[in-house]
Amino acid sequence: MLVGHGPFPFLGGGPGVTVFFTLSGFLITALLLEERRVNRRVDLGRFYARRALRLLPALAVCLVIVGIVLMIRDESLSGVWLAALYVANLAPALGERLPYLSHTWSLSLEEQFYVVWPLTLLLLARARRRWPVLAVTAAGIVVCAGLRILVDSKAVLAEPPPVRVGFFMLWRADALLVGCLLALVLGLALRLPPRVIRLSGVAGAAVVLAASTQATSDLYFHTWFTIVPVATAAVLLWLLVESSVLSRALAFAPLRYTGRISYGLYLWHFPIFKLLEPELRALPGVVELALATAVSFAVAALSFRVVEQPFLRLKRRFAPGRSARPTSVAGGHPVGAVSSTVH
């Protein structure tokens, strides 16, 4: 996603967001299911308090600073308010511009989904059988994907072209629901041959890489939005089952640190890229990307140290208890180590 917002927009952006949606759906659902298994219940108040403490402080600082820049430049603050209210994904439909905050559409969409999903999951989980929650989740994937393909197929033929449906929660929730479904299926402790899982994971990785080169095509909106979440789930299942691969990756210190500051990277990279673009435009694209990325990492690291860490310590007070902090899902799969960014 960071690369896709730089001087090479044909790489990374759309698929990166879709991959994150699927990973987020998996991790949040796995955490909710584990808390319910251990404590026999889920405290939704604490769940939303944890999300607020994780997301709001850094977002507030980012919005204040971007707002100051907009006021200095005598530009509208409407984008700041849309991002603050988690409705930035509706900006194109409202005819609003978000010059430095258009990337927050994905955060808005995700939070809209998590207003609905935890309560839906817990209501369905009350059934004695597991199939109702699996059926509803699978049906949600089919409905969201079907609506998106139907509506966007008509949109491509329209003159003038209307707003892309990819920004609306209902049209993109299938990416999140695929991750949710994976967490639910793993809870059944299903066994597949290791070779099948490995081949599926490799194929899934190839699909995601292929999608990264198609992010600006009409075919991407019709096809890749549906295929990438499934491919991501295949890769994730492979990493979870062959946990040594995931463990080695997570042991790589630079990767671990990037994961810790990834929320700050998400928030800051886009406004930094846009602010630096006029200054760096004369440089080669690779140099421009490297410099903007370096500044983004520096600001994200500062945000993590000064803004996020104090609230992360406070967030622990709302944890569901050490026994319900999942380090595994369905037989020892290590998800706890990669859950801090999303949860």
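Student: Hi! What percentage of the residues in the protein is buried?

Tutor: Hello! This is a predicted model, and buried residues make up 45% of its 343 residues.

Student: Thanks. How many helices and strands are there?

Tutor: The protein has 13 helices and zero strands. Following the sequence, the pattern is α-α-α-α-α-α-α-α-α-α-α-α-α.

Student: Let's pick a helix, then. How many residues does H7 have, and what is its reach?

Tutor: Helix H7 covers residues 169-186, which is 18 residues. From the first C-alpha to the last it reaches 25 Å, close to the 26 Å expected at 1.5 Å a residue.

Student: Where is the kink in H7 centred?

Tutor: The kink in H7 is centred on Ala175 and amounts to about 30°.

Student: And why is H7 described as largely enclosed by the rest of the structure?

Tutor: Because 14 of the 18 residues of H7 are buried.

Student: Okay, now H12. What is the distance between its end C-alpha atoms?

Tutor: The end C-alpha atoms of helix H12, residues 262-280, are only 24 Å apart. A straight helix with its 19 residues would reach 27 Å at 1.5 Å a residue, so H12 falls short of that.

Student: Where does H12 bend?

Tutor: H12 bends at Trp268, by about 35°. A proline, Pro271, follows within four residues.

Student: Which residues of H12 are buried?

Tutor: Trp268 and Pro271 are among them. The buried set also includes the run of Tyr263, Gly264, Leu265, Tyr266 and Leu267, plus His269, Phe270, Ile272, Phe273 and Leu280.

Student: You mentioned Phe273. What separation do the C-alpha atoms of Phe273 and Leu289 have?

Tutor: Those two C-alpha atoms are separated by 8.4 Å, and the residues are 16 apart along the chain. Leu289 sits in helix H13, residues 285-315.

Student: Is Leu289 buried or exposed?

Tutor: Leu289 is buried, because its relative accessibility is 15% and the cut-off for buried is under 20%.

Student: Switching topic: how many disulfides does the structure hold?

Tutor: The structure holds zero disulfides.

Student: What about the cysteines, say Cys62 and Cys180: buried or exposed?

Tutor: Cys62 is buried, with a relative accessible area of 1%. Cys180 counts as buried too, at 0% relative accessibility.

Student: Which residues line the second largest cavity?

Tutor: The lining includes Val66, Leu70, Ser76, Gly79 and Val80, along with Arg97, Leu98, Pro99, Tyr100 and Leu101. By class, that lining has seven nonpolar, two polar and one charged residues.

Student: Which helices each supply at least two residues of that lining?

Tutor: Those are helix H2 (44-72) and helix H3 (78-84).

Methods:
Residues are numbered from 1 along each chain as its sequence is written. This is a predicted model: local features need pLDDT of at least 70, side-chain atom pairs count only at pLDDT 80 or more; totals for chains, interfaces and linings use all residues. Side-chain values use heavy atoms; hydrogens and water are left out. On a 1 Å grid over the protein atoms alone, a cavity is a set of points where a 1.4 Å probe fits but cannot get out, and a pocket is an open set with protein on both sides within 12 Å along at least five of seven lines; lining residues have an atom within 4 Å of a point. Ala, Val, Leu, Ile, Met, Phe, Trp, Tyr, Cys and Pro count as nonpolar, Asp, Glu, Lys and Arg as charged, and the others, Gly among them, as polar. A disulfide is a pair of cysteine sulfur atoms within 2.5 Å. Buried means under 20% relative accessible area, exposed over 50%, partly exposed in between (1.4 Å probe, protein chains only). The bend at a residue is the angle between axes fitted to the seven residues ending there and the seven starting there.
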